[in-house]
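Please consult the sequence and the structure shown below alongside the text.

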Amino acid sequence: FEGELGVTPPMGYFDPLGLSSDGDKKTFIRRRKSELKNGRVAMWACMGWIVPEWYRFPGELSPSSGLKFSEIPNGMAALKALPTEAWAQMGAFVALLELGPLWQDESRAPGDFKTCAKYGFPMFFVGGREGSDSDPVKNQYSLNSEINNGRLAMMAITGMVFQNGITGTTGPEMWA
């Protein structure tokens, strides 16, 4: 798999545990799909972890309970502070995406969805317009960047969660 996307300098092909040493293409594709999905989630998780340090949405998160966005703590403490209804909404939204417009077509490259345009912009939010086909040769730089940035984001969110668990803080005050 040395010629696959995501094989970039300085690491090259990196499989220290030899998980792909059997050469099974089907297993490799399944793992690549998982890597892309987890990388994309991790990139959004990093944004969701960092942005609340400087900006909060105005208004109420839960009008029925009078809970404001500004009252939700940062980091892991937010998990306990969110109402059950918020978790249900997030779960329903993810299920809708997974079972609907972001269902992975087996005939397409991992992470390439007919319902998304270039750079993964979801076209189903734009009046049901159809997305585009990805050209792996033309977009090789962008696709390699996405895979590598996803890998970095997975490490980053792991580090931020670990930092929060050890120091009890999510912000720069941990260094003071």
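In this predicted model, G171 lies in the segment that follows helix 4, which spans 140-167. Q104, by contrast in location, belongs to the loop that joins helix 3 (84-99) to helix 4. The points below treat each residue in turn and then the protein overall.

**G171**
- G171 is classed as buried because its relative accessibility is 4%, below the 20% limit for that class.
- Beyond the neighbours within four places in sequence, G171 makes contact with E53 and Q163.
- Between G171 and M160 the C-alpha to C-alpha distance is 9.7 Å, at a sequence separation of 11 residues.

**Q104**
- Q104 has a relative accessible area of 14% and is therefore buried, since the class covers values under 20%.
- When neighbours within four places in sequence are set aside, the contacts of Q104 are K33, A109, P110, G111, D112 and F113.

**Secondary structure**
- The protein contains four helices and two strands.
- Starting from the N terminus, the order of these elements is α-β-β-α-α-α.

**Burial, contacts and surface**
- Of the 176 residues in the protein, 24% are buried.

Conventions
Residues are numbered from 1 along each chain as its sequence is written. This is a predicted model: local features need pLDDT of at least 70, side-chain atom pairs count only at pLDDT 80 or more; totals for chains, interfaces and linings use all residues. Side-chain values use heavy atoms; hydrogens and water are left out. Buried means under 20% relative accessible area, exposed over 50%, partly exposed in between (1.4 Å probe, protein chains only). Contact means heavy atoms within 4.5 Å.
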